[in-house]
Amino acid sequence: MAGLRAGDTLVLASHNEGKLAEFRDLLAPFGVSLVSAGALGLPEPEETGASFNENARIKARAAAEASGLPALADDSGLEVDALGCAPGIYSARWAGPRKDFAAAMRRIAEMLDARGARTPADRRARFVAALCLATPDGAMTDLLGTVEGTIVWPPRGDNGFGYDPIFLPEGHDRTFGEMSAAEKHGWTQGTEPLSHRARAFASFARAVLGAA
């Protein structure tokens, strides 16, 4: 599909301010303007997909059709092996309509304890991010990023959002909640970023923005 250039406008198919801030940081070096579906007053489509990729496609397609602009959607979440990869695609829904991720994190910790999963080996988890770029003509590009780690308790750090304070990425001694945005998402062409979303974005940048 045709790439994006500096000066182009891209719709982020999300009403999540945390995601909007992250993608603005990621897109800044490329000169692409980002506007959220929320700012355009676009409705949120029902996420009926059975995978992160399917839900990203649903959101990207809806935003591209409604806005007449290329749209980028992200569907991401936390998979905990001992919980059968839950909460998975229901990660946001576990936080409820009030986005109470403190309660959602506590729920995960209590479920792990109930299963006797108390060692790092028993608390393996990963963050997954699926991206989909859709254009008004119906073309779509799919990308995926993952990062492995373990669940810790109690939560550590106030940075990031969602489940970041209980996720300790593999090879690190600080949770995503204890890391700065630059540490989590920063990357330069030719290097591998840390976060799942930044890894998916790096693939997007190579495929669509002409990054090396």
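Biologist: In which strand is the place of R126?

Modeller: This is a predicted model, in which local features need pLDDT of at least 70, side-chain atom pairs count only at pLDDT 80 or more, and totals for chains, interfaces and linings use all residues. Residues are numbered from 1 along each chain as its sequence is written, and side-chain values use heavy atoms, with hydrogens and water left out. Strands are DSSP runs of E with at least two residues, helices are runs of H or I with at least four, and both are numbered from the N terminus. R126 lies within residues 124-134, which form strand β5.

Biologist: Is R126 buried or exposed?

Modeller: Buried means under 20% relative accessible area, exposed over 50%, and partly exposed in between, with a 1.4 Å probe and protein chains only. The relative accessible area of R126 is 14%, so R126 is buried.

Biologist: With which side chain does the side chain of R126 make a polar contact?

Modeller: A polar contact is a pair of N or O atoms within 3.5 Å; within protein, one must be able to donate a hydrogen and the other to accept it, and residues adjacent in sequence count only if both atoms are side-chain atoms. Contact in general means heavy atoms within 4.5 Å; beyond four places in sequence, R126 touches residues including G77, D81 and F167. The polar contact of its side chain, at 2.9 Å, is with the side chain of E148.

Biologist: How many residues of α6 are buried?

Modeller: Helix α6 spans residues 196-209. Among the elements that cover its buried residues are β1 (9-12), α1 (17-27) and β5. Buried residues of α6 include H196, F201 and L209. The helix is mostly covered, and of its 14 residues the buried number is 10.

Biologist: Which residue, with a positive phi, follows α6?

Modeller: The phi in question is near 80°. The residue that follows α6 is G210.

Biologist: Is A86 buried or exposed?

Modeller: A86 is found in strand β4 (residues 86-87). Leaving aside neighbours within four places in sequence, A86 is in contact with L78, E79, V80 and W94. Its relative accessibility is 18%, and therefore A86 counts as buried.

Biologist: What distance separates the C-alpha atoms of A86 and G96?

Modeller: A86 and G96 are 10 residues apart along the chain. Their C-alpha atoms are separated by 15 Å.

Definitions and conventions. The expected span of a helix is 1.5 Å times one less than its number of residues.
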